[in-house]
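Hi everyone, thanks for making the time. Let me put the structure up on the screen, and then we can walk through it together.

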Amino acid sequence: MAESVCPWWAGYLLASPIRKLMQDPEKLLHPHVKPGMRALDAGCAMGFFSLPMARLAGTSGRVVCVDLQEKMINSLKRRATRAGLVGRMEFRVCSPGSLMIDDLAGSIDFALAFAVVHETPDPGKFFAEIGNAVRKGGHLLLAEPAGHVSADAFQKTLSLARNSGFHTGELPAVWKSYSCVLIKD
Ligand SMILES: C[S@@+](CC[C@H](N)C(=O)[O-])C[C@H]1O[C@@H](n2cnc3c(N)ncnc32)[C@H](O)[C@@H]1O
């Protein structure tokens with residue numbers, strides 16, 4: 001299932017404002033992220049979703065941003081500082097085989113995994129770690145790029161998520177992606 005990891009310089013393309021015309025982060029996140037919430041952006045890259053997430057979480061909220069690539073995280077830190085959001089964000093470089101978020105157990109209200117699962121070497125472990133971090137009733141928004149992932153592979157990904165204690169909710173329309181909201185049992 002795992003493909004190669006997207007190169008660090010692609011982070012600039014992913015964070016382009018033009019992408020908002022096709023995938024509007026505020027519109028996608030607004031139903032899930034409310035002021036004061038604790039959110040997780042797993043595979044955040046340079047923060048196309050993390051910065052709007054931090055705005056929606058407000059001054060009393062917190063967004064934990066995790067990525068495998070230090071260059072992605074360093075660029076996100078600079079962008080968060082410029083946006084005046086750094087105080088409500090936390091930045092972590094993880095290892096390929098683990099998000100290293102055991103300390104977040106049961107504390108996350110909303111998690112995002114956007115275009116990342118197909119790059120991970122062990123999606124089952126990825127979901128197990130997110131499942132451990134998200135509180136009961138919390139949401140995980142999962143999206144995978146249709147250009148890289150088949151409909152069948154996405155169904156297999158969903159069953160891995162269900163094995164980690166989520167049930168499937170609505171299927172939001174996301175441009176050129178398979179997507180699903182998963183709710184923690
Ligand atoms: C295609 S990008 C998507 C980034 C972001 N979610 C977005 O939609 O703009 C995938 C990101 O996931 C990260 N990644 C890949 N494998 C990972 C892993 N095992 N753990 C954490 N991050 C990973 C990559 O470094 C890259 O920044």
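A45 sits in the loop between β1 and α3; helices (H or I, at least four residues) and strands (E, at least two) are DSSP runs, numbered from the N terminus. Please keep in mind that this is a predicted model, where local features need pLDDT of at least 70, side-chain atom pairs count only at pLDDT 80 or more, and totals for chains, interfaces and linings use all residues. Residues are numbered from 1 along each chain as its sequence is written.

The phi of A45 is near 55°, a positive value in a residue other than glycine. Most residues other than glycine have a negative phi. Is A45 buried or exposed? A45 is buried, because 28 other C-beta atoms lie within 10 Å. The cut-offs, with C-beta atoms placed from the backbone, are 20 or more other C-beta atoms within 10 Å for buried, 12 or fewer for exposed, and partly exposed in between.

M100 also has a positive phi, near 60°, and is not a glycine. You will find M100 in the loop between β3 and β4, and M100 is partly exposed, with 13 other C-beta atoms within 10 Å.

Now the ligand. A45 is among the closest residues to the ligand, together with G43, L68, F114 and E119, in a shell of 21 residues; near here means that the C-beta atom, placed from the backbone, lies within 6 Å of the molecule. That shell divides into 16 nonpolar, three polar and two charged residues. For the classes, Ala, Val, Leu, Ile, Met, Phe, Trp, Tyr, Cys and Pro count as nonpolar, Asp, Glu, Lys and Arg as charged, and the others, Gly among them, as polar.

On to the sheet. Seven strands form an open sheet in the order β3-β2-β1-β4-β5-β7-β6, with mixed pairing; two strands pair if DSSP finds at least two bridges between them. β3 (89–93) and β6 (166–168) stand at the edges with a single partner strand each, so one side of each has no neighbour in the sheet. On average, neighbouring strands are turned by 20° against each other, direction ignored. Axes here are lines fitted to C-alpha atoms, for helices over the stretch in contact, and angles run from 0 to 180 degrees between N-to-C directions.

What about strand β4, residues 108–114? Seven of its seven residues are buried. β4 pairs with β1 (residues 38–42) in the parallel sense over three bridges, while six bridges join β4 to β5 (residues 134–145), also parallel. From β4 the chain crosses through helix α5 (residues 123–133) to β5 in a right-handed β-α-β crossover; right-handed means that, with the strands pointing away from the viewer, the path from the first strand over the helix to the second runs clockwise.

A111 lies in β4, is the bridge partner of L40 and stands opposite L140 in β5. Leaving out residues up to four places away in sequence, A111 touches L40, A42, I130, A133, V134 and L140, where contact means C-beta atoms, placed from the backbone, within 7 Å. I130 and A133 are among the buried residues of α5, and the buried residues of that helix pack against β1, β4, β5, α6 (151–163), β6 and β7.

Key:
Contact = placed C-beta atoms within 7 Å.
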